[in-house]
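Subject: Structure for you to look at

Hello,

Here is the structure I said I would pass on. Please open it first, and then read the notes below with it on screen.

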2 protein chains.
Amino acid sequence: MSECLFCRIAAGEITEKIVFEDERVVAFEDIDPQAPVHVIIIPRKHIPTVLDLTNADQELVGYMHTVANRVAAEKSLTESGFRLVTNCKESAGQEVLHLHIHLLGGRDFRWPPG
Amino acid sequence: MSECLFCRIAAGEITEKIVFEDERVVAFEDIDPQAPVHVIIIPRKHIPTVLDLTNADQELVGYMHTVANRVAAEKSLTESGFRLVTNCKESAGQEVLHLHIHLLGGRDFRWPPG
């Protein structure tokens, strides 16, 4: 059994509210939402941080954005828009060392972004 | 001449402090930095928002993340980490309708991200 929380969610070992999944990517509701819509998008492949991406992962990262767009459409964010955030390491707030994109929407967002 | 500010920067028509450029991607200093390091990463291809990405753009988006990692290394952010932010449309704060990733680093970041 993986010790990585997001690997366990992807494997169905921990029940989260899944909003999308296929053979490469899983998207689920953040348990501590910071906006009316707050979904986390992860690859099934365990990649700790964005710094660990290889050239072979580039299409996968792009595909995660395609999934973000699909989730945004399902959450009716296509007109209003949304913010995507990826934290890399602790100073940025990355709490789980498995690459993930936060998709936040349903309200206006301030600047700076945290 | 393009009317898009970021296309004009990519074309060298507007002088910005370029930190990386090749045939596909350009990265430059944000003129209103929100952190000690604040770089904007754009594709040369004019894509208005993340919602306009096609499947053919997936590798390009991944490559933008590879460039982000390279800029992060040059800015000595590899150990401390950084935050990547992509705003989609006005409610999220997208001011220029040309896809871009904000890379912010050099300080701790708060949550929520704006």
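**Salt bridges**

A:R44 forms a salt bridge with A:E21, and their closest N and O atoms are 2.9 Å apart. A salt bridge here is a side-chain nitrogen of Lys or Arg within 4 Å of a carboxyl oxygen of Asp or Glu. A:R44 lies in the loop between β3 (37-43) and α2 (58-74) of chain A, and A:E21 in strand β1 (residues 18-21) of chain A, so the pair ties together parts that are 23 residues apart in sequence. Helices (H or I, at least four residues) and strands (E, at least two) are DSSP runs, numbered from the N terminus.

Before going further, note that this is a predicted model, in which local features need pLDDT of at least 70 and side-chain atom pairs count only at pLDDT 80 or more, while totals for chains, interfaces and linings use all residues. Residues are numbered from 1 along each chain as its sequence is written, chains are lettered from A and ligands numbered from 1 in the order in which they are written, and side-chain values use heavy atoms, with hydrogens and water left out.

Are the two partners buried or exposed, or in between? A:R44 counts as partly exposed at 29% relative accessibility, and A:E21 is also partly exposed, at 46%. The cut-offs are under 20% relative accessible area for buried and over 50% for exposed, with partly exposed in between (1.4 Å probe, protein chains only).

In chain B, the side chains of B:R44 and B:E21 meet in a salt bridge of 2.9 Å, N to O. This pair links distant parts of the chain, with B:R44 in the loop between β3 (37-43) and α2 (58-74) of chain B and B:E21 in strand β1 (residues 18-21) of chain B. B:R44 is partly exposed, with a relative accessible area of 29%, and B:E21 is partly exposed at 45%.

Another salt bridge joins the side chains of A:K75 and A:E29 (2.7 Å, N to O). A:K75 is in the loop between α2 and β4 (82-88) of chain A and A:E29 in strand β2 (residues 25-29) of chain A, 46 residues apart. A:K75 is partly exposed at 28%, whereas A:E29 is buried at 18%. Over all chains, the structure holds 10 salt bridges.

**Around A:F28**

Strand β2 of chain A also contains A:F28, which counts as buried at 2% relative accessibility. A:F28 and A:V39 are 11 residues apart in sequence, and their C-alpha atoms are 5.4 Å apart in space. Leaving aside neighbours within four places in sequence, A:F28 is in contact (heavy atoms within 4.5 Å) with residues including A:F6, A:I9, A:I18, A:V39 and A:I42.

**Where the chains meet**

How many residues of chain B are in contact with chain A? There are 38, and they touch 38 residues of chain A. Across this interface the rule finds zero salt bridges. On the side of chain B that touches chain A, α2, β4 (82-88) and β5 (101-105) of chain B each supply at least two residues. The largest share, eight residues, comes from α2(B).

The strands β4(A) and β4(B) run antiparallel and are joined by seven bridges; two strands pair if DSSP finds at least two bridges between them. In this pairing, A:F82 stands opposite B:C88 in β4(B).

Regards
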